[in-house]
Amino acid sequence: MPLPRSRANWSELLDLSVDPAGGPPIFQQVYLALRGAILAGTLRPGAKLPSSRQLAQRLALSRTSVIAAYEQLLAEGYVASRAGSGTYVSADLQTQAQPAARVRRPARSPAVRRVRLSAAGARYEALGRDLSIAPAVPFTAGCCSVDAKTIGAWRRVTAARARVFEQTSLAYADPAGETALRREAAAYLRASRGVQCDDDQVIVLSGAQQAIDLSIRVLLNAGDGAWVEDPGYVPTREALLSAGVACVPVPVDAHGLDVAAGIACAPRARAVYITPSHQYPTGAAMSMARRQELLAWAAKTGAWIVEDDYDSEFRYAGRPLAALQGLDPAGSVIYIATLSKVLFPGLRLGFAVVPRSLIDAFRGARYLADRSPPAFLQAIAADFMQQGFLTSHIRRMRQRYRQARDVLVACLERHLGDIADVEVPECGMQLLLRFRAPVSDIAVAEAARTAGIVVKPVSPHYMAAPVRQGLVLGLSGFDDRQLKAAGTRLAAIVRSELACAERGTARPAPGPGQSGMLRR
């Protein structure tokens, strides 16, 4: 989709200067300065120039000199005059104007400055090379279905909020977030997730990733140990390693994180990052026995538990599981939720519910990170929640995602049931396809991307546990026809890669940026 033509009038800010004491005549200096700005693209076709009176006042010149410069530009076709409107850069100038002269470079380039990054900066640099925005095609993870009802409600709420636009929306906001949104978030989390909190314990953030980043800053020092699920969420692992934290991989099975294994491996770890309601990427739900075991260990050792509850609103069998935080009597859990998964990723709003002992520390960290979240957007989100639109959206999307899950599961089982297992999720926006046959998930992901399908290989999520090959497939955000067509194409790709592996002609491993690991 082409970008709309800019209507910004940058000429009002253009830095023009003339030298009345010497050089060419004054009118010619004005002419040359404006022509240079036009040729350089600083003033684009269609841009309006200041009136001759305004420009003369700004430069402290005679208006006669400015009019003469404008007449010269007009005669040469650089500008056009519109009666009663003003003077504009010619709209068809691209076919007339010559490009500005190139700056002649010296024969020998100057020495390139040596960049010295911190240890964290080096990890960020490596990570930045592997970042890409996956297209919104099956089976991109994190896509959301947003129907006409939700879009219409969001528009009405936004319009209504704009009509009562308050001066407070223009000022700096509380680093912890606006009171109205924190109040609605607390009520929502108490009702839907069993979270035990008051409004002042809610910190409004730019999604779950910022909540994880702030938790690391507040709770951990370089060299501290932290349990991470194995397999687990790669960006959290990267954030911990970038902060110098020692990641301790703890295996995950059908009952979630193996707490006993974690205690045996690192009994004095300072923190644990966990996705207990819908483990990523396996989809396992942590059993009640292990939840109690984890809480008891944290209370005994003083460790912190960071609970990432990223998509448990979309549970298809019974009510959503109660949050681990609601079972915690000792104040050991930092609970993370996000509206970016519930509504749409571009919203970039989430919440951390923190124990009272951490409120000031998180407010301070939030202030230093980016001062405060946007006040106007928070007001819209609070109105949307308060008027009941979020609840109805979740109800509709739960039905839609369940149908999408069933369609995709049936397609995969029909085409790949003899060589792969489809782990049918009871919750969430993606499913896991496990390979029984000897085929590389990274090779499949590379071939699928070439064919216009986005999948995520499971094997890079492992640290120490025995690696299992498989794919994470996002199922939300796509209609049934797209899921069936993409599922059929993916099955053909998997079988083709299996045939290559059996012949010993497997494809080479993909290069940086091709595995698509950094989006959930």
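How many nonpolar, polar and charged residues does the lining of the second largest cavity have?

Mentor: Happy to! By class, that lining has three nonpolar, two polar and two charged residues. Here Ala, Val, Leu, Ile, Met, Phe, Trp, Tyr, Cys and Pro count as nonpolar, Asp, Glu, Lys and Arg as charged, and the others, Gly among them, as polar. Do bear in mind that this is a predicted model, in which local features need pLDDT of at least 70 and side-chain atom pairs count only at pLDDT 80 or more, while totals for chains, interfaces and linings use all residues. Residues are numbered from 1 along each chain as its sequence is written, and side-chain values use heavy atoms, without hydrogens or water.

The residues behind those counts are Val228, Glu229, Gly232, Tyr233, Thr236, Arg237 and Tyr273. Two elements, strand 4 and helix 8, each give two or more residues to this lining. The space in the second largest cavity is about 50 Å³. A cavity is a set of points on a 1 Å grid over the protein atoms alone where a 1.4 Å probe fits but cannot get out, and lining residues have an atom within 4 Å of a point. Helices (H or I, at least four residues) and strands (E, at least two) are DSSP runs, numbered from the N terminus.

Searching the whole structure turns up two cavities of 30 Å³ or more, with volume taken as the space filled by probe spheres set on points joined across faces, edges and corners. The largest cavity holds about 90 Å³. Its lining is made by 13 residues, with Ile216, Leu220, Leu240, Tyr273 and Val306 nearest the centre. Helix 7, strand 4 (225–230), helix 8 (234–242) and strand 7 (271–274) each supply two or more residues. By class, 11 residues in the lining of the largest cavity are nonpolar, two are polar and none is charged.

Because the expected span is 1.5 Å times one less than the number of residues, the 12 residues of helix 7 (residues 208–219) should span 16 Å, and the 16 Å between its end C-alpha atoms agrees.

Notes: 1 Å grid on protein atoms, 1.4 Å probe; cavity = no way out; pocket = protein on both sides within 12 Å on 5 of 7 lines; lining within 4 Å.
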